[in-house]
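This report walks through one protein model and the two ligands placed with it. Keep the structure open while reading.

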Amino acid sequence: MRTAYSVETVRAAERELMARLPEGALMARAAAGLAAVCAELLARRRGRVYGSRVVLLAGPGDNGGDALYAGARLARRGAAVTAVPMDPARIHPGGLAALRAAGGRVAESVPARADLVLDGLTGIGGRGGLRPAAAALVERIPAGALVVAVDLPSGVDADTGEVAGPAVSADVTVTFGAYKPGLLIDPGASRTGAVRLVPIGLELPDRAELEALQHTDVARLLPLPGSSSDKYRRGVVGVVAGSEQYPGAAVLAVAGALRGGAGAVRYVGPAADAVLARYPEVLVGRGRVQAWVVGPGLGSGRAAEVERALADRDVPVLVDADGLRGLDPEVVRARRAATLLTPHAGEAAALLGVAREEVEAGRLAAVRGLAGRYGAAVLLKGATTLVASGGVVRVNPTGTPWLATAGSGDVLSGLAGALLAGGLSGGDAGAVAAYLHGLAGRFAAGAPAAGGIAAGGAPVVAQEVAAALPEAWRSVRG
Ligand SMILES: NC(=O)C1=CN([C@@H]2O[C@H](COP(=O)(O)OP(=O)(O)OC[C@H]3O[C@@H](n4cnc5c(N)ncnc54)[C@H](OP(=O)(O)O)[C@@H]3O)[C@@H](O)[C@H]2O)[C@@H](O)CC1
Ligand SMILES: Nc1ncnc2c1ncn2[C@@H]1O[C@H](COP(=O)(O)OP(=O)(O)O)[C@@H](O)[C@H]1O
Ligand SMILES: [K+]
């Protein structure tokens, strides 16, 4: 499990550790780790550190201090290091002295050429969008320079990933002691480049503010058949989806459920012919199920079917897409079994009564808000998928923007429904489904295991995502 900690938690751990260490020791550790990463990057790019041009954007706080001390280390290895303060009257004094002693210099404006720029404007102390003096320096970062963000890209909110105004886009982010939520949640996450964690000895609580499952966590949660399994024990998923207008949503949700490990899938709705033509193994009509998936492609005027599924208070229910329209928090709160809501930003915005942009800019607040309001697990789809449940928020580390294709959300809902039917909690079913779906998207696209859209791959269609789910299962199980 990868974990991310809030600024408050990191600061508390920092205070506790600082009390036991000589002054400056923590910053020295941070700067040493930062300089080592920079040296590695310079060696890869130019063959050596000696003679390379390094620019430090130095903010007035400790983030600037880290950059200056790291710059001093690089200067001692022969780099030509220039610090440009955001505010010349406020620059970290110790860091500045160290840089000068190592032969580094200070300039008022950003040099036109650089091999590497260290963004030390703001770290966990940054608030809101970058102020004009900082934004002006960022604008002048020379084209072609590698940008290394110190702790986090300046302008990104460490706790939420929100970006209010200008912010740095880094190639690499070197973060200290712990991941911060803002490094893993968009829009901040798409500014970080590759994230490198430098341990500095912080002792952090077991419970993190944000979690990201990894292969071993998912493998542990996957419901697997045993020798005494039969199709009912493995879990029957009831899919209430599709309409005359959108029969394909039913087919895709069923595809996700079948590939998600359901013992059987029961389909209820007007698209039975389309479903059976593709999947003759599906049962048609109502009957006993271990979880319901309601909503994909329902169209309008089908609220009674959603209510009927939710009224089955002891059976887990996943509500997606059209099923989410006008969903009553009291009805969901009254349920005993798990409820998992899977909105995209537009659906979440409608449920919260805010603009879609507000959800996209503040994904963490939106998913927490919905989970609190409905007393349910909520999976918020999008560039970074978040799953909130019982006070814990998980961020999905897999996926590819190629998944932004019609019907891929339907596959996800069927998949998560199968995991609910297999006995997973709402939060686990959502997180595991997002993980497998993201991996399947990458496999279907032929995209590498990490990296954004720039990393490669080709367009996928939703059916291919469903078809790649077995490969995703196999890769997780090792
Ligand atoms: N925690 C740890 O364990 C360790 C932490 N370490 C390091 O310390 C960093 C935190 O340092 P920090 O607390 O000094 O805050 P920091 O991020 O430098 O920013 C504050 C300064 O920025 C300014 N400012 C604020 N917002 C702004 C904006 N929008 N636009 C422009 N300016 C803005 C603000 O100005 P003011 O509001 O005071 O006018 C203030 O001067 C942390 O990220 C890590 O790098 C490591 O050395 C060791 C281990
Ligand atoms: N920019 C993106 N990067 C990664 N994944 C994305 C992006 N945009 C959408 N997705 C994923 O694609 C899927 C789209 O689902 P949804 O919006 O419900 O579409 P549909 O209703 O057409 O099936 C979700 O799993 C979502 O997380
Ligand atoms: K920074």
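S154 touches D119, L121, T122, G126, L130, A134, A167 and V168, leaving out residues up to four places away in sequence. Contact here requires C-beta atoms, placed from the backbone, within 7 Å. The model is predicted: local features need pLDDT of at least 70, side-chain atom pairs count only at pLDDT 80 or more, and totals for chains, interfaces and linings use all residues. Residues are numbered from 1 along each chain as its sequence is written, while chains are lettered from A and ligands numbered from 1 in the order in which they are written.

S154 sits in the loop between β6 (146-150) and β7 (172-176). Helices (H or I, at least four residues) and strands (E, at least two) are DSSP runs, numbered from the N terminus. S154 counts as buried because it has 28 C-beta neighbours inside 10 Å. The cut-offs: buried means 20 or more other C-beta atoms within 10 Å of the residue's own, exposed means 12 or fewer, and partly exposed lies in between, with C-beta atoms placed from the backbone.

UniProt, in an unreviewed entry, gives the annotation "binding site" to N63, D119 and S154. These residues span 92 residues in sequence, yet no two of their C-alpha atoms are more than 9.5 Å apart, so they gather at one spot. UniProt positions follow the numbering used here, feature names are shortened, and annotations may be inferred rather than shown by experiment. N63 belongs to helix α3. N63 is buried, with 27 C-beta neighbours inside 10 Å. Beyond four places in sequence, N63 contacts G120, L121, T122, G123, G125, V150 and D151.

## Ligand 1

The shell around ligand 1 holds 30 residues, and G61, D62, N63, G123 and G125 come nearest. A residue is near a molecule or strand if its C-beta atom, placed from the backbone, lies within 6 Å of it. The elements giving two or more residues to this shell are α1 (7-18), α2 (25-46) and α3 (62-76). The most, four residues, come from α3.

By type, the shell around ligand 1 has 12 nonpolar, 11 polar and seven charged residues. Ala, Val, Leu, Ile, Met, Phe, Trp, Tyr, Cys and Pro count as nonpolar, Asp, Glu, Lys and Arg as charged, and the others, Gly among them, as polar.

Ligand 2 is surrounded by 18 residues, with H344, K381, L403, A404 and G409 closest. Helix α16 (residues 408-421) supplies the largest share of this shell, four residues. The shell around ligand 2 has seven nonpolar, nine polar and two charged residues.

Another "binding site" feature in UniProt, again from an unreviewed entry, lies at K381, G382, A383, T384, T385 and G409. These positions spread over 29 residues of sequence but cluster in space, with a largest C-alpha distance of 13.7 Å. G382 lies in the loop between β16 (377-380) and β17 (386-389). G382 is partly exposed, with 19 C-beta neighbours inside 10 Å. Its contacts beyond four places in sequence are H344, A345, E360 and R363. A383 is in the loop between β16 and β17. A383 is partly exposed, with 17 other C-beta atoms within 10 Å. Beyond four places in sequence, A383 touches D186 and S190.

## Domains and core

The domain assignment gives domain 1 (2-206) and domain 2 (215-477); such bounds come from an automatic or database assignment. Their centres, taken over C-alpha atoms, are 39 Å apart. The contact takes 10 residues from domain 1 and 11 residues from domain 2.

The largest nonpolar core has 165 residues. Such a core is a set of buried Ala, Val, Leu, Ile, Met, Phe, Trp, Tyr and Cys residues joined through C-beta atoms within 7 Å. Those with the most contacts inside this core are L56, L118, V237, V239, V254, A257 and V378. Helix α17 (residues 426-445) provides the largest share, 12 residues. Domain 1 and domain 2 both give residues to this core, so it lies between them.

## Backbone exceptions

D186 and P187 are joined by a cis peptide bond, with omega about 5 degrees. P187 lies in the loop between α6 (181-184) and β8 (194-198).

D151 is not a glycine, yet has a positive phi of about 70 degrees. D151 is in the loop between β6 and β7. A321, also a residue other than glycine, has a positive phi near 45 degrees. A321 is buried, with 23 other C-beta atoms within 10 Å.

Key
Two residues are in contact if their C-beta atoms, placed from the backbone, lie within 7 Å.
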